[in-house]
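These are my notebook entries on one structure. I set down what I looked up, topic by topic.

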Amino acid sequence: MNRLAVVTGATGGIGIQLCRLLARNGYDLLITGRSEDRLRMLANELKALQSIEVNFLAGDLSDPEFRGRLFEMAPGTPSVLINNAGFGDYGPFAGSDWEKQDEMIKVNVLALTQFTHMFLPGMVSKGYGRILNVASVASFQPGPLMSVYYATKSYVLSFSEALSVELAKTGVTVTALCPGPVNTGFAKAANAESINVFKQSSGADPEQVAGYGYRMMMKGKPVAVFGKKFKVLIFFERFLPRSAVRRMLYRIQGSRSK
Ligand SMILES: NC(=O)c1ccc[n+]([C@@H]2O[C@H](COP(=O)([O-])OP(=O)(O)OC[C@H]3O[C@@H](n4cnc5c(N)ncnc54)[C@H](OP(=O)(O)O)[C@@H]3O)[C@@H](O)[C@H]2O)c1
């Protein structure tokens with residue numbers, strides 16, 4: 001088994017922490033994000049931390065040509081693939097910017113699906129692989145005012161769970177990591193900083209979220225919901241009528257500080 005890990009979204013809050021963990025555990029890394037400067041800085045930091053190889057490629061995951069280049073850059077089949085890159089967009093869908101919705105679907109859904117499709121056959125033939133797809137607690141319900149984002153994360157959960165069954169006994173596992181709000185650049189990128197659920201004080205620490213995701217991925221857990229509060233919420237939500245869930249989410253998403 002080689003010790004190569006491919007990580008998308010390596011320039012952001014959760015991705016950086018996942019890369020640090022992988023480096024500490026001796027993985028060589030192929031990392032990506034759009035910011036070349038931040039990738040270079042992280043690569044230097046990780047190489048100083050551990051004697052590992054760290055390669056990076058900066059680019060936009062919504063671009064199919066870039067996705068192909070990243071795949072070709074991988075020196076063989078990785079034993080770990082982390083599909084972490086993703087972003088949201090806050091506001092009513094009718095008034096939203098189409099370019100941003102289009103890019104979101106390509107990054108959150110298409111790139112994640114394509115990388116899984118590209119690397120999975122090699123993992124299966126080697127009889128080992130760990131895939132971590134970063135979903136969200138948003139995966140479990142519709143999200144008025146962030147409708148496309150919630151729908152993309154529902155896709156990630158559904159896709160990951162389905163694969164986890166198909167891959168039983170192959171030595172390859174797929175884990176959907178489902179955190180609630182985390183203190184990263186996410187809220188700013190989604191124009192959601194004034195929304196109460198995204199207030200920095202209430203969010204989780206990205207290092208803890210990454211640590212939990214890493215452990216659950218290594219154990220091969222199909223679904224990993226971060227935090228007791230969200231585990232309980234998701235459990236009890238099943239017994240509510242969908243109409244009540246939709247209204248509750250609309251209230252939560254619409255609540256902003258004055
Ligand atoms: N923070 C939360 O509250 C929260 C909660 C649940 C789930 N999540 C999920 O966690 C994952 C990581 O997000 P984060 O919280 O760490 O946010 P973040 O700090 O904003 O990081 C997002 C990462 O995705 C990359 N990315 C975004 N658009 C891209 C594009 N078009 N092409 C290539 N890379 C792109 C960013 O790279 P560049 O900036 O270099 O482009 C960055 O590395 C996402 O999938 C997000 O949906 C976050």
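**Entry 1: α1 and α7.** Which residues in α1 meet which residues in α7? I was working from a predicted model. On the α1 side I listed Gly-13, Ile-14, Gln-17, Leu-18 and Leu-21. On the α7 side I listed Pro-206, Glu-207, Val-209, Ala-210, Gly-211, Gly-213 and Tyr-214. By class, the residues of this contact divide into seven nonpolar, four polar and one charged.

I then looked up the geometry. Two packed helices are described by the angle between their axes and the distance between the axes. The axes of α1 and α7 come within 8 Å and cross at roughly 55 degrees. That angle makes α1 oblique to α7. I noted the crossing of α1 with α7 as right-handed.

**Entry 2: α1 and α2.** I next turned to helix α1 (residues 13-24) and helix α2 (residues 36-49), whose axes come within 9 Å and cross at roughly 25 degrees. Angles under 35 degrees count as roughly parallel, and α1 and α2 are therefore roughly parallel to each other. The crossing of α1 and α2 is right-handed.

In this contact, α1 supplies Ile-16, Cys-19, Arg-20, Ala-23 and Arg-24, which meet Leu-42, Leu-46 and Leu-49 of α2.

**Entry 3: the nonpolar core.** In soluble globular proteins, nonpolar side chains tend to be buried together. I looked up the largest nonpolar core here and found that it has 65 residues. Those with the most contacts inside this core are Ala-5, Val-7, Cys-19, Leu-29, Ile-31 and Cys-178. Helix α4 (residues 98-126) gives the most to the core, with eight residues.

Leaving aside its neighbours within four places in sequence, Leu-29 is in contact with Ala-5, Val-7, Cys-19, Leu-22, Ala-23, Leu-46, Ile-52 and Val-54. I marked Cys-19 and Ala-23, which are among the α1 residues that meet α2.

**Entry 4: two positive phi angles.** Where is Lys-169 placed? Lys-169 lies in the loop between α5 (147-166) and β6 (172-178). Although Lys-169 is not a glycine, its phi is positive, at about 70 degrees. Lys-169 is exposed, because it has 6 other C-beta atoms within 10 Å.

I also looked up Asn-191, in the loop between α6 (186-189) and α7 (206-219). Asn-191 is not a glycine either, and has a positive phi of about 55 degrees. With 13 other C-beta atoms within 10 Å, Asn-191 is partly exposed.

Technical notes: Residues are numbered from 1 along each chain as its sequence is written. This is a predicted model: local features need pLDDT of at least 70, side-chain atom pairs count only at pLDDT 80 or more; totals for chains, interfaces and linings use all residues. A nonpolar core is a set of buried Ala, Val, Leu, Ile, Met, Phe, Trp, Tyr and Cys residues joined through C-beta atoms within 7 Å. A residue is buried if 20 or more other C-beta atoms lie within 10 Å of its own, exposed if 12 or fewer, and partly exposed in between; C-beta atoms are placed from the backbone. Helices (H or I, at least four residues) and strands (E, at least two) are DSSP runs, numbered from the N terminus. Two residues are in contact if their C-beta atoms, placed from the backbone, lie within 7 Å. Axes are lines fitted to C-alpha atoms, for helices over the stretch in contact, and angles run from 0 to 180 degrees between N-to-C directions. Angles under 35 degrees count as roughly parallel, over 145 as roughly antiparallel, 65 to 115 as roughly perpendicular and the rest as oblique. A crossing is left-handed if the near helix is turned anticlockwise from the far one by less than a right angle, and right-handed if clockwise. Ala, Val, Leu, Ile, Met, Phe, Trp, Tyr, Cys and Pro count as nonpolar, Asp, Glu, Lys and Arg as charged, and the others, Gly among them, as polar.
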